[in-house]
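Here is a colleague's note to read beside the sequence and the model. Please keep both in view while going through the points.

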Amino acid sequence: MGISNSGHNPYLCPEKDNQLQTNDMKRILLLAATLLIAVAANAKVVEKTFPVRGHCGMCKNRIETVAKGFDGVQSAAYDLKGQSLTLTYDTRKAKPNKVLKAIAAIGYDAGKFTAPQEAYDRLEACCKYREIEGIADHEHGEGHHHHTE
Ligand SMILES: [Cu+2]
């Protein structure tokens, strides 16, 4: 868009040109902003915590590895004490229920999915949270403290 000086009013033309450019810029900026908002609305990364059973560091590793293997899962942190898994994921790509289902499939109760007995049976002895929990209940159950004698 060259500014032609031949024959045209030299005052009007450049001004008109500027006006046009300003409008174009405004339109482009508006479009860019709209696009950004649209992208941001779609790419929703959320952090959520789900109940997942496990017992040791090996469990933690396995659970986190399975979760991180899913497309869209940005981070997975298993909390042994809290018996919970915190996922940071893109809601467009990852479905937490699929992740939980896969974790249950390797032996760990996850969310609404109960691990199949045969998968649970394949876990190492130190990972058998169902049995270990039973023992722990007798030794230092948190529900009832010392009996008064
Ligand atoms: Cu374990």
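The points below take up the sheet and then the helices.

1. This is a predicted model, in which local features need pLDDT of at least 70, side-chain atom pairs count only at pLDDT 80 or more, and totals for chains, interfaces and linings use all residues. Residues are numbered from 1 along each chain as its sequence is written.

2. Three strands form an open sheet in the order β1-β3-β2, with antiparallel pairing; helices (H or I, at least four residues) and strands (E, at least two) are DSSP runs numbered from the N terminus, and two strands pair if DSSP finds at least two bridges between them. The edge strands, each pairing on one side only, are β1 (45-51) and β2 (73-79).

3. Between β1 and β3 (residues 84-90), the antiparallel pairing runs over seven bridges, and proline 51 has serine 84 in β3 as its bridge partner.

4. Helix α2 (residues 57-68) packs on the sheet, where it touches β2 and β3; contact here requires C-beta atoms, placed from the backbone, to lie within 7 Å.

5. The axes of α2 and helix α3 (residues 96-105) come within 9 Å and cross at roughly 140 degrees, where axes are lines fitted to C-alpha atoms, for helices over the stretch in contact, and angles run from 0 to 180 degrees between N-to-C directions. On the α2 side the contact is made by Ile63, Val66 and Ala67, and on the α3 side by Val99, Ala102 and Ile103.

Terms used: Two residues are in contact if their C-beta atoms, placed from the backbone, lie within 7 Å.
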